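Open the model in your viewer and keep the selection panel at hand. Each stop below says what to select and what is there.

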Amino acid sequence: MILKNIKRICIIGFGSIGRKHFSIVREMYPEIEIILVRSGEGKNFEEEKFAKKIVNNIDEAINFSPEAAFICTPATLHLIQATKLIEKNIPILIEKPLSDSSIGIKDLKILANQSNAVILVGYVLRYSESLKFFKKMIDNKLRFNFDSADINCQSFLPDWRPNQDYKKSPSANKKLGGGVLLELSHEIDYANWIFGGFKNVRCKLKNTGILDIDVEDNASLKLVSNKNIDVNIDLNFSRKEKVRECIYKNKEYSIKWDGIKDEVILKRKNSDPKIWSFKSRDNEIYKKQIKHFFKCVIKSEKPQVSLDESMEVLNIVEMAKKSNNQNRKIII
């Protein structure tokens, strides 16, 4: 697949997600030159040799006139890096979360509006065919008066990147924007997308001590949507069993999305379930995201995850932290 309008991109950060994007772009668009921006602090990787150029900062990368950029650094660096690129009107895909804090977000929004730059935020579950089907089913089944949803995402942080010391990863470090709330904010994003926004939140955060890190490894959120649906979100990266699911229900029906099995299950009380299986290929959602990003760049396609939506996710995260600190319900 050849993109005549995109000849050169830059990838900022070469951790696990930066390397994933690098690999996929090389596979799908081998004609595109890739400029890597590396701090020099991380370990070297064999695939770096396929980069057109490796530089130490964004200013050097901008001198090579990239037509698009991927920000794959810790969340604490996202805003300053995005600002430099937007000032040059370079389209960007920012890995989630948008930032570790809302400080400076409004200035980024103003700058983005002034430049009309393309900004896509990397909440990659939006490209899951099973999750999109789940959302469609919910939209079609609203007449059944579903009243609550339970979202559960659990995994074991040390298993995420087996060849890396998890304690040194951004996920595990407060100063790098870590913690389960931000790391698993995919769940908050799709909940906000599917259930139409929220009006209040109660949250409990916990560091179990199992992982010996300085951030929370458990989060329990109780939200009420603008449509008066109770949505419970449990996030955990200190359990060995992998779970990623959303169950939307009332007394008679339930619709379940199973992100591990890539299935959607419709169940009526005392009846056999109906199951839709999708079985996505490896990295399929990341490939779809990159393809979509490039369409946004060259065809003015509307970003599927906008700056405004990612700002809403960050606001929910901050209100959840406030709820935990004050031990009360917080208006969003």
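Select strand E4 (residues 68–71) and E5: the two run parallel and are joined by three bridges. Strands here are DSSP E runs of at least two residues, helices are H or I runs of at least four, and both are numbered from the N terminus. Two strands pair if DSSP finds at least two bridges between them. Now pick Phe 70; its bridge partner in E5 is Leu 93.

Before going further, note that this is a predicted model, in which local features need pLDDT of at least 70 and side-chain atom pairs count only at pLDDT 80 or more, while totals for chains, interfaces and linings use all residues. Residues are numbered from 1 along each chain as its sequence is written, and side-chain values use heavy atoms, with hydrogens and water left out.

Angles run from 0 to 180 degrees between N-to-C directions; axes are lines fitted to C-alpha atoms, for helices over the stretch in contact.

Step past strand E5 (92–95) to Pro 97, in the loop between E5 and H4. The peptide bond from Lys 96 to Pro 97 is cis, with omega near -10 degrees.

**The second largest pocket**

Which residues lie nearest the centre of the second largest pocket? Select Asn 116, Ala 117, Val 118, Ile 119 and Pro 303; they belong to a lining of 15 residues. The volume is about 310 Å³. A pocket is an open set of points on a 1 Å grid over the protein atoms alone, where a 1.4 Å probe fits, with protein on both sides within 12 Å along at least five of seven lines; lining residues have an atom within 4 Å of a point. Points are joined across faces, edges and corners, and the volume is the space filled by probe spheres set on them.

Helix H4 (105–115) and H10 are the elements that give two or more residues to this lining. H4 supplies the largest share, three residues. By class, the lining has seven nonpolar, four polar and four charged residues. Ala, Val, Leu, Ile, Met, Phe, Trp, Tyr, Cys and Pro count as nonpolar, Asp, Glu, Lys and Arg as charged, and the others, Gly among them, as polar.

**The nine-stranded sheet**

Next, select the other open sheet: nine strands, ordered E14-E13-E12-E11-E7-E10-E9-E8-E15, with mixed pairing. Strand E14 (274–277) and strand E15 (330–331) are its edges; each has a single partner strand, so one side of each lacks a neighbour in the sheet.

Go to E13 and E14, an antiparallel pair joined by four bridges. Glu 263 has Ser 277 in E14 as its bridge partner. The hairpin has five residues between the strands, and Asn 270 takes a positive phi near 65 degrees there. In E14, pick Lys 274. Leaving out residues up to four places away in sequence, Lys 274 touches Val 264, Ile 265 and Leu 266; contact means heavy atoms within 4.5 Å.

Move to strand E9 (residues 218–225) and strand E10 (residues 230–236), antiparallel over seven bridges. Leu 221 stands opposite Ile 233 in E10. In the loop between E9 and E10 sits Asn 228. Its phi is near 60 degrees, positive in a residue other than glycine.

**The helices**

Show helix H5 (residues 129–140), which lies across E11, E12, E13 and E14 at about 165 degrees to E12. Leu 131, Lys 132, Phe 134, Lys 135 and Ile 138 in H5 meet Tyr 190, Trp 193, Ile 194 and Phe 195 in H8. This contact has seven nonpolar, no polar and two charged residues.

Finish with H8 and H10, packed at about 115 degrees with axes 9 Å apart. Select Ser 185, Ile 188, Asp 189 and Asn 192 in H8; they meet Glu 312, Val 313, Ile 316 and Val 317 in H10. Here the classes are four nonpolar, two polar and two charged.
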